[in-house]
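The following exercises are to be worked through with the sequence and the structure at hand. Each task is followed by a solution in steps.

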Amino acid sequence: MLLFLFACTTPSSDLTLDDTVPYVDGEVLVQVDGDFVDADAVQHENDLEEEDGIDAINVRRFRVPEGRTVRSVVEKLSGDHRVAFAEPNLLVRRLADPYRGYQWNLDQINVPEAQTYGTGSGIVVAVLDTGVKKNGPDGISHLLSGYDFYNGDSDPTDGDGHGTFVAGTINQKTGNGVGVEGIAPGASILPVKVMSDEGYGDINAIANGLVWAADQGAKVANLSLGSAYPSSTLENACLYAHDKGMVVVAASGNEYASKVSYPAAYESVIAVGAVGRGGSRSPYSNTGTGLDLVAPGGDMSADVDGDGYADGILQETIESGSWTYTFWEGTSMASPHVAAAAALVMAQGVSDPDEVYDILTGTRSEEHTSELQSPCNLVCRLLLEKK
């Protein structure tokens with residue numbers, strides 16, 4: 001039976017049962033006024049099988065006998081003078097985040113089903129970006145203390161919004177009834193500021209930040225940044241992180257090019273391109289040799305479902321210094337989908353970065369050529385394979 005009720009729903013003794021009320025089939029919860037003799041009598045007279053109980057509040061959970069309905073048993077027990085109340089074992093669900101319906105990207109990679117297996121608990125994801133701003137109305141689920149390698153201090157606060165958006169895609173608070181959701185809300189974010197508030201950085205800061213994050217025990221790193229030019233320093237830093245047990249994920253670039261940017265192009269890095277809502281490669285997304293996966297990155301020129309909003313990726317971040325929910329597009333938005341998926345896999349006990357890579361790339365759609373490898377069922381399928 002589906003979960004239809006909000007977590008704040010309170011059972012009522014005068015609840016009218018009908019087909020729209022969701023409850024566990026074949027179970028009732030009963031509190032009897034009186035002693036154990038009365039409780040046992042009620043149980044036997046109604047041919048109920050006790051499953052367990054909550055002794056502190058004198059509530060028993062009974063199994064309804066075959067051939068009888070929950071509704072009929074509740075109605076009969078409610079008329080018994082010895083029964084304080086009888087009610088179905090109602091189903092509940094977590095609070096819905098109000099803008100979740102606009103996050104088509106989460107459905108495209110089957111995040112709801114993936115999260116039934118886990119949410120990334122125990123995994124630290126380093127976000128190497130413009131930093132992360134804390135204390136938003138929605139906020140990051142688990143934000144650790146990080147470091148600013150661009151300015152050389154211990155305050156990795158984001159003044160641009162890019163890093164905060166990326167971190168939210170991975171680890172936005174989920175089920176709190178506010179804003180939007182994240183893919184791996186059980187994981188933790190290690191903010192590593194390697195770029196200025198104008199979105200520029202340098203190889204020294206990025207390489208230092210990656211090595212530091214690996215030494216801090218981060219298991220996944222997301223780099224939604226890139227350059228057309230290779231760097232031996234950064235390549236060595238990526239290899240160092242990989243050898244320390246870190247899955248390094250990077251954006252392929254937004255230059256409409258047939259060549260993947262760096263560091264995504266390095267062998268030790270998972271290169272991620274972008275697709276739109278329909279699953280086709282977004283026109284801006286770099287492709288070519290070295291592309292490992294594509295993930296939702298959005299297309300602000302389209303509105304496939306006609307909801308009045310462009311088909312970008314929706315997340316909480318800051319724009320012009322103020323908190324907002326906004327739609328962005330780019331391989332920067334696609335990369336954290338894969339970083340979050342890596343966190344979900346590693347939380348299932350997979351510790352080898354190469355094995356994580358094999359699992360992730362094993363979800364690529366066979367319908368596409370090697371130039372466009374689509375993980376349409378990325379999160380869900382990889383976890384199902386591990387079960």
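This is a predicted model: local features need pLDDT of at least 70, side-chain atom pairs count only at pLDDT 80 or more; totals for chains, interfaces and linings use all residues.

**Exercise 1: The protein as a whole**

Task: Determine how many helices and strands the protein has, and what share of its residues is buried.

Solution. 
Step 1. The protein contains 10 helices and 13 strands.
Step 2. The chain has 387 residues, and 52% of them count as buried.
Step 3. Among contacts with a separation of 6 or more, 72% join residues 24 or more positions apart; a contact means heavy atoms within 4.5 Å.
Step 4. The accessible surface is about 17,100 Å², and carbon and sulfur atoms account for 47% of that area. Such areas come from the Shrake-Rupley method with a 1.4 Å probe, and for residues only the protein chains shown count as cover.

**Exercise 2: Salt bridges**

Task: Describe the pairs Glu181 with Arg100 and Lys244 with Asp215. Then name the residues of the network that includes Arg61.

Solution. 
Step 1. The structure has 11 salt bridges, each being a side-chain nitrogen of Lys or Arg within 4 Å of a carboxyl oxygen of Asp or Glu.
Step 2. Glu181 and Arg100 form one of them, at 3.4 Å from N to O. This pair links distant parts of the chain, 81 residues apart: Glu181 is in the loop between α5 (162-171) and β7 (188-193), and Arg100 is in the loop between β4 (83-90) and α3 (104-108).
Step 3. Glu181 is classed as buried because its relative accessibility is 5%. Arg100 is likewise buried, at 14%.
Step 4. In the bridge between Lys244 and Asp215, the closest N and O atoms are 3.5 Å apart. Here, too, distant parts of the chain are linked, 29 residues apart: Lys244 is in the loop between α7 and β9 (247-251), and Asp215 is in helix α6 (residues 203-215).
Step 5. Lys244 is partly exposed, at 44%, and Asp215 is partly exposed, at 42%.
Step 6. Arg61 bridges to Asp52 at 2.8 Å, N to O. The network consists of Glu27, Asp52, Arg61 and Arg63.

**Exercise 3: Surface patches**

Task: Which residues form the negative patch, and which form the nonpolar patch?

Solution. 
Step 1. Patches are made of residues with over 30% relative accessible area and no salt bridge; like charges are joined within 9 Å, and nonpolar side chains (Val, Leu, Ile, Met, Phe, Trp, Tyr) within 5 Å.
Step 2. For charge, Lys and Arg count as positive and Asp and Glu as negative, while His and the chain ends are not counted. The place of a charge is NZ of Lys, CZ of Arg, CG of Asp or CD of Glu.
Step 3. The negative patch is formed by Asp243, Asp352, Asp354 and Asp358. Asp243 lies in helix α7 (residues 232-243) and is exposed, at 58%.
Step 4. Tyr99, Tyr102 and Tyr309 make the nonpolar patch of about 280 Å². Tyr102 sits in the loop between β4 and α3 and is partly exposed, at 32%.

**Exercise 4: Positive phi**

Task: Where is Ser320 found, and is this residue buried or exposed?

Solution. 
Step 1. Ser320 is in the loop between β12 (313-319) and β13 (322-328).
Step 2. Its phi is positive, about 55°, although Ser320 is not a glycine.
Step 3. Ser320 counts as exposed because its relative accessible area is 82%.

Technical notes. Residues are numbered from 1 along each chain as its sequence is written. Side-chain values use heavy atoms; hydrogens and water are left out. Helices (H or I, at least four residues) and strands (E, at least two) are DSSP runs, numbered from the N terminus. Buried means under 20% relative accessible area, exposed over 50%, partly exposed in between (1.4 Å probe, protein chains only).
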